[in-house]
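Here are my notes on the model you sent over, as numbered points. Have the structure open while you read.

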Amino acid sequence: TQVDLEVDQIALAAPTGRAKARMAESMKGALHKLTDFTADPKIAKDMTLNHTTDNAYTLHSLLYKQLQGSPEKLNYKLIVVDEFSMVDVSLFSLLIQSMKPDCRLILLGDMHQLPPVGQGSVLGNMSQSFTQTKASLSEDYLLRFRDLFSEVPMDHDQHGYELVSHRPHRLLNKMVVLTKTHRSEGDILKLAQGVNDSDIASVRSVLKQTEWTALPLHWPGRETSMVYVPPQISSARDVAHFYLKHHLSSTWKSTLGLIQDEYWNTGLEMNRITPSKEGKLYEQLCVAFEPHVSMRILCLSHHGMSGTQEMNQLARGVLQPNLKSTDRRIHGELVMLTRNQNDLELYNGDSGMVFVFRHQSYVIFPCEGSYRVEPIERLHSLQSAFAISVHKSQGSEYTSILLVLPEYKSQLLT
């Protein structure tokens, strides 16, 4: 069914600024691809970045008036919310109350991701009815999907899940549950499926079969190599320190050393480093960033011996052993914004790297096809980001992670 909607009647929304920016970038890429398939110049003209990003919001900015107590309804006919697993029940309730009766709502998210920090797990509760059979469509709706996507099977998918639900349910034919992942494979996928299904035997089987004493190191211009942890190192903190020492001392110095001073002047003045204007500096930054943006240490909490604060302090100590100030940012330090800065179009969760040039500190943020350069004085809320919380990492696609778990019973270990 074709729905006749103007672009300004559609709103894209996400719980965080970072997720909003990612959603807008994804839509931009998808719309540019769609222009290759249409001969209608009006449709092609509408498929532009401006139309996409102008109507992309964080949920809090979309509902700004309503959060202040206004009864005004949102003037949209279609609202698409991404990363919906992060939305709590109070914000979702306000969104529903703020919609007009003829407005359609599309919710996108992963039912297996962490619940929101606030009260309630809306997506998890809505999806619970389908987690056993994975079936959410009646047979006639499945036939409609088959008409659109010829690869959709009719009886069972490759995992043996039922595709047709014969049980009446309020959300029947309102929800599509995807059962195949394209992001992961091998042991990590088996481990995730075992955890999601509460299959202890499967989890133990994966852990026993996998070599866990080897940690990956990323070398610029070379394949990932492995470093083996000595048997006398057993605590989570010591393993993290061992990894940081090898990772930072081997890759950090070599990659940052590639960037020559002569290329900095024009790049820093331009505020944005692109391959077309600052090609050599851009190439050197790509090499410098790759080993650091592809790996992270993840922690369950910020505090304690296995928290992000302790892990980041270990990393800073490796980079600069004689560092006395805990506030000063050092050359090569990974940092993350903890608050939105809408004036700079930078958002909570955006990560960058500190570069010190002629006693002036800058933070360089990787963007789509370029690098943003900001003097560190313009950034209000920064924290070290060699280690981040599992919540903050949601939606990222790191090549390798080191998950540091507390060595004691914790309610976070669920």
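**Notes on the predicted model**

1. Overall picture. Of the chain's 414 residues, 39% count as buried. Keep in mind throughout that this is a predicted model. The secondary structure comes to 15 helices and 15 strands. As for how the chain folds back on itself, take the contacts between residues at least 6 apart in sequence: 65% of them join residues at least 24 apart.

2. Confidence. The average pLDDT for the chain is 76, and 72% of the residues score at least 70. Which elements sit at the two ends of the scale? Helix α3 (residues 49-54) has the lowest mean pLDDT, 52, while helix α6 (residues 89-98) has the highest, 94. Where pLDDT is low, the predicted coordinates should not be read in detail.

3. Helix α6. Its buried residues are Leu-91, Phe-92, Leu-94, Leu-95 and Ser-98. They lie on the same side of α6, because they cover an arc of only 160° around the axis. What does that buried set pack against? The partners are α4 (59-62), α5 (64-67), β3 (78-81), β4 (104-107) and α7 (122-127).

4. The Phe-84/Phe-92 pair. The count of aromatic pairs comes to five. One of them is formed by Phe-84 and Phe-92, edge-to-face, with 5.2 Å centre to centre and 70° between the planes. Both count as buried because they fall under the 20% cut-off: Phe-84 has a relative accessible area of 0%, and Phe-92 comes in at 16%.

5. Most residues other than glycine have a negative phi. Glu-83, in the loop between β3 and α6, has a positive phi near 55°. Glu-345 also has a positive phi, about 55°, although it is not a glycine; this residue is found in the loop between β9 and β10. Are these two glutamates buried or exposed? Glu-83 counts as buried at 18% relative accessibility, whereas Glu-345 is exposed, with a relative accessible area of 56%. One more thing on Glu-345: its C-alpha is 8.9 Å from that of Ala-21, though the two residues are 324 apart in sequence.

6. The six-stranded sheet. The strand order is β7-β12-β11-β10-β9-β13, in an open sheet with antiparallel pairing. At the edges are β7 (272-273) and β13 (382-384), each of which pairs on one side only. Helix α13 (residues 279-293) lies across β7, β9 (334-337), β10 (351-357), β11 and β12, and it runs at about 125° to β10.

7. Strand β12 and its neighbours. On one side, two bridges join β12 to β7, antiparallel, and Ile-273 has Tyr-371 of β12 as its bridge partner. Strand β11 (residues 360-367) is joined to β12 by six bridges, again antiparallel. Within that pairing, Val-363 is partnered with Glu-374, and Cys-367 stands opposite Ser-370. The hairpin of β11 and β12 has two residues between the strands, and Gly-369 there takes a positive phi near 75°.

8. How covered is β12? Is this strand mostly covered or mostly open? Mostly covered: five of its six residues are buried. Ser-370, found in β12 (residues 370-375), counts as buried at 6% relative accessibility. Leaving aside residues up to four places away in sequence, Ser-370 touches Arg-272, Ile-273, Thr-274, Tyr-282 and Phe-365.

9. The ring cluster. Which aromatic residues are linked into a cluster by ring pairs? They are Tyr-282, Phe-289, Phe-355 and Tyr-371. Two names here come up elsewhere in these notes: Tyr-282 is among the residues that Ser-370 touches, and Tyr-371 is the bridge partner of Ile-273.

Methods
Residues numbered from 1 in each chain as written. Predicted model: local features only at pLDDT ≥ 70, side-chain atom pairs only at ≥ 80, totals over all residues. Heavy atoms only, no water. pLDDT = per-residue confidence, 0-100. Helix = DSSP H or I, 4+ residues; strand = E, 2+ residues; numbered from the N terminus. Buried < 20%, exposed > 50% of the residue type's maximum accessible area, 1.4 Å probe, protein only. Contact = heavy atoms within 4.5 Å. Phe/Tyr/Trp six-rings, centres within 6.5 Å; stacked < 30°, edge-to-face > 60°. Pairing = 2+ DSSP bridges. Axes fitted to C-alpha atoms, helices over the stretch in contact; angles between N-to-C directions. Arc of directions from axis to C-beta.
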